[in-house]
Amino acid sequence: GPYAKLDISRFRYVMESNCARLAAMRVTDPDIQKLEANLALFKEQTRVGNFDLSAQADEAFHHLIVEIAAVPLFIDLHRAFRQMLLETIAMPVNVRSRGWEPVVEHERILVALKRRDPDEASYYMQSHITRSSERLGYVQADEVL
């Protein structure tokens, strides 16, 4: 794609942490159910090692949160980036031993959303994007996105 993976990570860090904050203030019980169903799917696909499908579930979780935040411009931007995001989060073979880490990170984000805690949701989303970028080799752990 036209953008460096680090640039995509920086975009996600800013936009998705804000969306997580807004989502925590707006999330409904049906939204929580959708996120829980997605997490269950993500767990199952990760458990069986289906990394193509798990990447799709991963991206869908993030898109759901952007939709719950309910800012049309953010939703359109995130959707436009969908293919690039999938390429960015695709887990190379050499880091698949760490495949459960994103599952745990999604779980923490979901717990924060269930608590309707904007600060916690934003924090765990930032942490997830940073860790993901570090896992996939786009940033050093100490580099600021």
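Guide: Start with a cut-off: rings of Phe, Tyr and Trp pair if their centres lie within 6.5 Å. In this predicted model, the structure holds three aromatic pairs.

Visitor: Why is the pair of Y3 and F81 called stacked?

Guide: The ring planes of Y3 and F81 stand at 25°. Planes under 30 degrees apart count as stacked, so this pair qualifies. The centres are 5.9 Å apart, within the 6.5 Å limit.

Visitor: What makes this pair a tie between parts apart in sequence?

Guide: Y3 lies in the segment before α1, and F81 in the loop between α4 and α5. Those parts are 78 residues apart in sequence.

Visitor: Why does F81 count as buried?

Guide: Its relative accessibility is 13%. Buried means under 20%, so F81 is buried. Y3 has 45%. That falls between 20% and 50%, so Y3 is partly exposed.

Visitor: What makes F11 and F81 a stacked pair?

Guide: The centres of F11 and F81 are 4.4 Å apart, with 20° between the planes. Ring pairs link Y3, F11 and F81 into a cluster.

Visitor: Now α2. How do you know that its buried residues are on the same side?

Guide: The buried residues include I32, L35, L39 and F42.

Visitor: What covers the buried residues of α2?

Guide: The cover includes α1, α3 and α6.

Note on methods:
Residues numbered from 1 in each chain as written. Predicted model: local features only at pLDDT ≥ 70, side-chain atom pairs only at ≥ 80, totals over all residues. Heavy atoms only, no water. Buried < 20%, exposed > 50% of the residue type's maximum accessible area, 1.4 Å probe, protein only. Helix = DSSP H or I, 4+ residues; strand = E, 2+ residues; numbered from the N terminus. Contact = heavy atoms within 4.5 Å. Phe/Tyr/Trp six-rings, centres within 6.5 Å; stacked < 30°, edge-to-face > 60°.
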